[in-house]
Amino acid sequence: MVRGSESAAAAGPAPLIWLTGLSSAGKTTIARIVSGMLRGGGFDVQWLDGDMMRERLGRELGFDKTGRDENVGRIAYVAALLNRHGVIVVVSAIAPYREIRDEIRGSSPAFIEVYVKASLATCERRDVKGLYRRARAGAIRQFTGVDDPYEPPLAPEVECDTERDTASACAQKVVDTVMEMVSRGRASRACAPCGSAAPPAGGPEMHDGSIEACRRPSA
Ligand SMILES: Nc1ncnc2c1ncn2[C@@H]1O[C@H](COP(=O)(O)OP(=O)(O)OP(=O)(O)O)[C@@H](O)[C@H]1O
Ligand SMILES: [Mg+2]
(Lines give C-alpha, C1' and ligand atoms only; values in the text may rest on other atoms or scores of the structure.)
(Ligands and ions follow the chains in the order given, each with its own letter.)
Protein backbone atom coordinates (compact mmCIF):
# COMPACT_ATOMS: atom_id res chain seq x y z
CA MET A 1 0.00 0.00 0.00
CA VAL A 2 1.25 3.46 -0.82
CA ARG A 3 1.82 5.56 2.26
CA GLY A 4 1.16 9.17 3.11
CA SER A 5 -0.52 11.67 0.88
CA GLU A 6 0.61 10.26 -2.46
CA SER A 7 -2.34 10.85 -4.75
CA ALA A 8 -3.66 8.82 -7.64
CA ALA A 9 -3.36 11.93 -9.80
CA ALA A 10 0.41 11.70 -9.51
CA ALA A 11 0.48 8.08 -10.57
CA GLY A 12 -0.94 7.84 -14.09
CA PRO A 13 -4.59 7.41 -14.99
CA ALA A 14 -6.86 6.90 -12.00
CA PRO A 15 -8.39 3.42 -11.97
CA LEU A 16 -12.06 2.67 -12.40
CA ILE A 17 -12.80 -0.42 -10.34
CA TRP A 18 -16.11 -2.01 -11.27
CA LEU A 19 -17.50 -4.78 -9.08
CA THR A 20 -20.07 -6.78 -11.00
CA GLY A 21 -22.04 -9.83 -9.89
CA LEU A 22 -25.44 -11.10 -8.83
CA SER A 23 -27.49 -9.44 -6.13
CA SER A 24 -26.16 -10.53 -2.69
CA ALA A 25 -22.91 -11.75 -4.25
CA GLY A 26 -20.98 -9.26 -2.07
CA LYS A 27 -20.30 -6.21 -4.26
CA THR A 28 -21.29 -3.55 -1.72
CA THR A 29 -19.56 -5.38 1.14
CA ILE A 30 -16.27 -5.63 -0.75
CA ALA A 31 -16.50 -2.14 -2.29
CA ARG A 32 -16.85 -0.62 1.18
CA ILE A 33 -13.68 -2.36 2.39
CA VAL A 34 -11.73 -1.54 -0.81
CA SER A 35 -12.69 2.13 -0.58
CA GLY A 36 -11.60 2.29 3.05
CA MET A 37 -8.29 0.60 2.35
CA LEU A 38 -7.46 2.92 -0.55
CA ARG A 39 -8.44 6.00 1.44
CA GLY A 40 -6.25 4.75 4.25
CA GLY A 41 -3.42 4.63 1.72
CA GLY A 42 -3.83 8.33 0.99
CA PHE A 43 -5.75 8.10 -2.27
CA ASP A 44 -8.73 10.18 -3.31
CA VAL A 45 -11.52 7.65 -3.67
CA GLN A 46 -15.18 7.89 -4.62
CA TRP A 47 -17.43 4.90 -4.11
CA LEU A 48 -20.53 4.77 -6.32
CA ASP A 49 -22.97 2.11 -5.19
CA GLY A 50 -25.57 0.83 -7.63
CA ASP A 51 -28.53 1.30 -5.29
CA MET A 52 -27.67 4.91 -4.56
CA MET A 53 -26.89 5.73 -8.19
CA ARG A 54 -30.19 4.32 -9.43
CA GLU A 55 -32.02 6.23 -6.74
CA ARG A 56 -30.29 9.52 -7.56
CA LEU A 57 -29.64 9.28 -11.30
CA GLY A 58 -31.75 6.52 -12.79
CA ARG A 59 -35.04 6.52 -10.95
CA GLU A 60 -37.14 6.73 -14.09
CA LEU A 61 -35.30 3.90 -15.84
CA GLY A 62 -36.70 0.42 -16.23
CA PHE A 63 -35.03 -2.94 -15.77
CA ASP A 64 -35.10 -4.08 -19.38
CA LYS A 65 -31.79 -4.15 -21.22
CA THR A 66 -32.17 -0.58 -22.46
CA GLY A 67 -32.92 0.76 -18.98
CA ARG A 68 -30.14 -1.20 -17.34
CA ASP A 69 -27.58 -0.20 -19.97
CA GLU A 70 -28.59 3.44 -19.64
CA ASN A 71 -28.25 3.24 -15.87
CA VAL A 72 -24.79 1.67 -16.18
CA GLY A 73 -23.82 4.26 -18.80
CA ARG A 74 -24.75 7.10 -16.44
CA ILE A 75 -22.68 5.62 -13.64
CA ALA A 76 -19.76 5.22 -16.04
CA TYR A 77 -20.12 8.85 -17.10
CA VAL A 78 -19.89 10.08 -13.52
CA ALA A 79 -16.96 7.73 -12.93
CA ALA A 80 -15.12 9.12 -15.95
CA LEU A 81 -15.57 12.70 -14.72
CA LEU A 82 -14.09 11.77 -11.37
CA ASN A 83 -11.28 9.72 -12.93
CA ARG A 84 -10.32 12.71 -15.04
CA HIS A 85 -9.59 14.59 -11.84
CA GLY A 86 -7.38 11.81 -10.50
CA VAL A 87 -10.00 10.25 -8.25
CA ILE A 88 -10.04 6.47 -7.97
CA VAL A 89 -13.61 5.29 -8.50
CA VAL A 90 -15.08 2.15 -7.00
CA VAL A 91 -18.41 1.11 -8.52
CA SER A 92 -20.51 -1.67 -7.04
CA ALA A 93 -23.35 -2.31 -9.47
CA ILE A 94 -24.67 -5.50 -11.04
CA ALA A 95 -24.16 -4.32 -14.66
CA PRO A 96 -25.46 -7.64 -16.00
CA TYR A 97 -24.57 -7.17 -19.66
CA ARG A 98 -21.08 -7.95 -20.91
CA GLU A 99 -21.25 -5.68 -23.92
CA ILE A 100 -21.70 -2.46 -21.95
CA ARG A 101 -19.02 -3.46 -19.44
CA ASP A 102 -16.64 -4.03 -22.36
CA GLU A 103 -17.61 -0.65 -23.78
CA ILE A 104 -16.68 0.99 -20.49
CA ARG A 105 -13.41 -0.94 -20.48
CA GLY A 106 -12.71 0.45 -23.96
CA SER A 107 -13.25 4.04 -22.92
CA SER A 108 -11.55 3.93 -19.53
CA PRO A 109 -7.75 4.32 -19.41
CA ALA A 110 -7.46 2.12 -16.32
CA PHE A 111 -10.35 -0.28 -15.96
CA ILE A 112 -10.40 -3.03 -13.36
CA GLU A 113 -13.32 -5.38 -13.73
CA VAL A 114 -13.94 -7.36 -10.57
CA TYR A 115 -16.17 -10.37 -10.87
CA VAL A 116 -17.80 -10.89 -7.49
CA LYS A 117 -18.69 -14.51 -7.84
CA ALA A 118 -21.21 -16.56 -5.89
CA SER A 119 -23.67 -19.14 -7.10
CA LEU A 120 -27.31 -18.19 -7.49
CA ALA A 121 -28.14 -20.67 -4.71
CA THR A 122 -25.78 -18.90 -2.30
CA CYS A 123 -27.08 -15.47 -3.27
CA GLU A 124 -30.65 -16.64 -2.75
CA ARG A 125 -29.73 -18.02 0.65
CA ARG A 126 -28.13 -14.70 1.63
CA ASP A 127 -30.96 -12.64 0.10
CA VAL A 128 -29.77 -9.53 1.94
CA LYS A 129 -32.66 -7.36 0.77
CA GLY A 130 -35.33 -10.06 0.51
CA LEU A 131 -35.52 -9.45 -3.24
CA TYR A 132 -35.02 -13.05 -4.37
CA ARG A 133 -37.94 -14.09 -2.19
CA ARG A 134 -40.12 -11.41 -3.74
CA ALA A 135 -38.93 -12.29 -7.25
CA ARG A 136 -39.69 -16.00 -6.72
CA ALA A 137 -43.13 -15.00 -5.44
CA GLY A 138 -43.70 -13.04 -8.63
CA ALA A 139 -43.86 -9.70 -6.80
CA ILE A 140 -40.85 -8.36 -8.73
CA ARG A 141 -40.20 -9.04 -12.37
CA GLN A 142 -36.99 -8.92 -14.39
CA PHE A 143 -34.85 -9.81 -11.41
CA THR A 144 -31.26 -10.64 -12.40
CA GLY A 145 -30.53 -14.34 -12.09
CA VAL A 146 -34.20 -15.26 -11.67
CA ASP A 147 -35.99 -14.03 -14.78
CA ASP A 148 -33.38 -11.70 -16.23
CA PRO A 149 -29.90 -12.58 -17.52
CA TYR A 150 -26.52 -12.13 -15.89
CA GLU A 151 -23.52 -12.44 -18.18
CA PRO A 152 -20.41 -13.15 -16.11
CA PRO A 153 -17.15 -11.54 -17.22
CA LEU A 154 -14.99 -13.74 -19.44
CA ALA A 155 -11.63 -12.24 -18.47
CA PRO A 156 -12.00 -10.02 -15.39
CA GLU A 157 -8.90 -8.39 -13.92
CA VAL A 158 -9.92 -9.82 -10.55
CA GLU A 159 -12.19 -12.64 -9.54
CA CYS A 160 -13.51 -12.69 -5.98
CA ASP A 161 -15.08 -15.98 -5.01
CA THR A 162 -17.18 -14.96 -2.03
CA GLU A 163 -18.15 -18.55 -1.25
CA ARG A 164 -14.51 -19.43 -0.72
CA ASP A 165 -12.71 -16.27 0.43
CA THR A 166 -13.57 -13.81 3.17
CA ALA A 167 -14.68 -10.30 2.25
CA SER A 168 -11.35 -8.94 3.55
CA ALA A 169 -9.35 -11.37 1.44
CA CYS A 170 -11.43 -10.43 -1.60
CA ALA A 171 -10.85 -6.73 -0.93
CA GLN A 172 -7.11 -7.26 -0.52
CA LYS A 173 -7.01 -8.98 -3.91
CA VAL A 174 -8.68 -5.95 -5.51
CA VAL A 175 -6.40 -3.48 -3.75
CA ASP A 176 -3.30 -5.47 -4.84
CA THR A 177 -4.43 -5.16 -8.46
CA VAL A 178 -5.09 -1.45 -8.07
CA MET A 179 -1.63 -0.96 -6.60
CA GLU A 180 -0.03 -2.88 -9.49
CA MET A 181 -1.85 -0.64 -11.95
CA VAL A 182 -0.84 2.51 -10.07
CA SER A 183 2.81 1.34 -10.02
CA ARG A 184 2.71 0.66 -13.74
CA GLY A 185 1.30 4.16 -14.30
CA ARG A 186 4.09 5.59 -12.24
CA ALA A 187 6.72 3.55 -14.11
CA SER A 188 5.45 4.53 -17.54
CA ARG A 189 5.36 8.17 -16.47
CA ALA A 190 9.03 7.86 -15.56
CA CYS A 191 9.74 6.94 -19.21
CA ALA A 192 8.77 10.40 -20.42
CA PRO A 193 12.37 11.47 -21.21
CA CYS A 194 12.73 8.85 -23.97
CA GLY A 195 9.14 9.15 -25.12
CA SER A 196 8.48 5.50 -24.46
CA ALA A 197 5.16 4.60 -22.87
CA ALA A 198 6.42 1.29 -21.52
CA PRO A 199 8.78 0.94 -18.59
CA PRO A 200 12.05 -0.88 -19.30
CA ALA A 201 12.24 -4.58 -18.57
CA GLY A 202 14.55 -3.79 -15.65
CA GLY A 203 11.67 -2.08 -13.87
CA PRO A 204 11.02 1.47 -12.77
CA GLU A 205 14.21 1.58 -10.72
CA MET A 206 16.07 1.75 -14.08
CA HIS A 207 14.85 5.29 -14.51
CA ASP A 208 16.72 8.27 -13.22
CA GLY A 209 14.92 10.83 -15.36
CA SER A 210 17.56 10.94 -18.10
CA ILE A 211 17.29 9.76 -21.70
CA GLU A 212 20.42 7.64 -21.14
CA ALA A 213 18.73 5.80 -18.31
CA CYS A 214 15.71 5.05 -20.45
CA ARG A 215 17.89 3.71 -23.26
CA ARG A 216 20.09 1.67 -20.97
CA PRO A 217 19.71 -1.97 -22.00
CA SER A 218 18.09 -4.04 -19.33
CA ALA A 219 19.56 -7.28 -18.11
N1 LIG B 1 -16.57 -13.15 1.05
C2 LIG B 1 -17.62 -12.33 1.09
N3 LIG B 1 -17.58 -11.15 0.44
C4 LIG B 1 -18.64 -10.32 0.46
N5 LIG B 1 -19.79 -10.57 1.12
C6 LIG B 1 -19.89 -11.73 1.80
C7 LIG B 1 -18.81 -12.65 1.80
N8 LIG B 1 -19.17 -13.72 2.54
C9 LIG B 1 -20.41 -13.47 2.97
N10 LIG B 1 -20.86 -12.28 2.55
C11 LIG B 1 -22.18 -11.71 2.86
O12 LIG B 1 -22.93 -11.65 1.66
C13 LIG B 1 -23.80 -10.51 1.67
C14 LIG B 1 -23.49 -9.68 0.45
O15 LIG B 1 -24.34 -8.56 0.43
P16 LIG B 1 -24.05 -7.26 -0.45
O17 LIG B 1 -25.06 -6.25 -0.04
O18 LIG B 1 -22.62 -6.92 -0.35
O19 LIG B 1 -24.37 -7.81 -1.91
P20 LIG B 1 -24.45 -7.01 -3.27
O21 LIG B 1 -23.67 -7.80 -4.26
O22 LIG B 1 -24.06 -5.60 -3.07
O23 LIG B 1 -25.98 -7.13 -3.64
P24 LIG B 1 -26.93 -6.08 -4.42
O25 LIG B 1 -26.65 -6.21 -5.89
O26 LIG B 1 -28.32 -6.55 -4.11
O27 LIG B 1 -26.68 -4.70 -3.89
C28 LIG B 1 -23.53 -9.76 2.96
O29 LIG B 1 -24.47 -10.18 3.93
C30 LIG B 1 -22.13 -10.27 3.35
O31 LIG B 1 -21.91 -10.22 4.73
MG1 LIG C 1 -25.09 -3.78 -3.24
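Across this protein the pLDDT averages 88, and 80% of the residues score at least 70; pLDDT is the predictor's confidence in each residue, from 0 to 100. This is a predicted model, in which local features need pLDDT of at least 70 and side-chain atom pairs count only at pLDDT 80 or more, while totals for chains, interfaces and linings use all residues. Residues are numbered from 1 along each chain as its sequence is written, and chains are lettered from A and ligands numbered from 1 in the order in which they are written.

- The 5 strands form an open sheet in the order 2-3-1-4-5, with parallel pairing. Strands (E, at least two residues) and helices (H or I, at least four) are DSSP runs, numbered from the N terminus, and two strands pair if DSSP finds at least two bridges between them.
- Strand 2 (45-49) and strand 5 (158-161) are the edge strands, each pairing on one side only.
- From one strand to the next, the twist averages 15 degrees; axes are lines fitted to C-alpha atoms, for helices over the stretch in contact, and angles run from 0 to 180 degrees between N-to-C directions.
- Helix 3 (residues 65-84) packs on the sheet and touches strand 1 (16-20), strand 2 and strand 3 (88-92). Its direction makes about 160 degrees with that of strand 3. Contact here requires the C-beta atoms of two residues, placed from the backbone, to lie within 7 Å.
- Strand 4 (residues 111-117) pairs with strand 5 in the parallel sense over 4 bridges, and Val114 has Val158 in strand 5 as its bridge partner.

- A residue is buried if 20 or more other C-beta atoms lie within 10 Å of its own, exposed if 12 or fewer, and partly exposed in between, with C-beta atoms placed from the backbone.
- In a regular strand the side chains alternate between the two faces of the sheet. Here Ile88, Val90 and Ser92 point one way from strand 3, while Val89 and Val91 point the other way.
- Strand 1 pairs with strand 3 in the parallel sense over 4 bridges, and Ile17 has Val90 as its bridge partner in strand 3.
- Strand 2 runs parallel to strand 3 and is joined to it by 5 bridges, with Leu48 opposite Val91.

**The nonpolar core**

- The largest nonpolar core holds 45 residues. Such a core is a set of buried Ala, Val, Leu, Ile, Met, Phe, Trp, Tyr and Cys residues joined through C-beta atoms within 7 Å.
- Helix 7 (residues 167-189) gives the largest share of this core, 7 residues.
- Ile17, Ile30, Val34, Val91, Val114 and Val174 have the most contacts inside the core.
- Leaving out residues up to four places away in sequence, Val91 touches Ile17, Trp18, Leu19, Leu48, Ile75 and Ala79.

**Around ligand 1**

- Ligand 1 is surrounded by 22 residues, the closest being Ser23, Gly26, Lys27, Thr28 and Thr29. A residue is near a molecule or strand if its C-beta atom, placed from the backbone, lies within 6 Å of it.
- Helix 1 (27-40), helix 2 (50-57) and helix 7 each supply at least two residues of this shell, and the largest share, 4 residues, comes from helix 1.

**Residues to look at**

- Ser24 lies in the loop between strand 1 and helix 1. Its phi is near 75 degrees, a positive value in a residue other than glycine.
- Ser24 counts as buried because it has 23 C-beta neighbours inside 10 Å.
- Ala95, in the loop between strand 3 and helix 4 (98-107), also has a positive phi, near 40 degrees.
- Lys117 lies in strand 4 and counts as buried, because 22 C-beta neighbours lie inside 10 Å.
- The C-alpha atoms of Lys117 and Asp161 are separated by 4.8 Å, although the two are 44 residues apart along the chain.
- Cys123 lies in helix 5 (residues 120-126); its C-alpha atom and that of Ser23, 100 residues apart along the chain, are separated by 6.7 Å.

- Over residues 1-6 pLDDT stays under 50, and the model has 10 contacts beyond four places in sequence for them.
- Over residues 203-207 pLDDT also stays under 50, with 12 such contacts.
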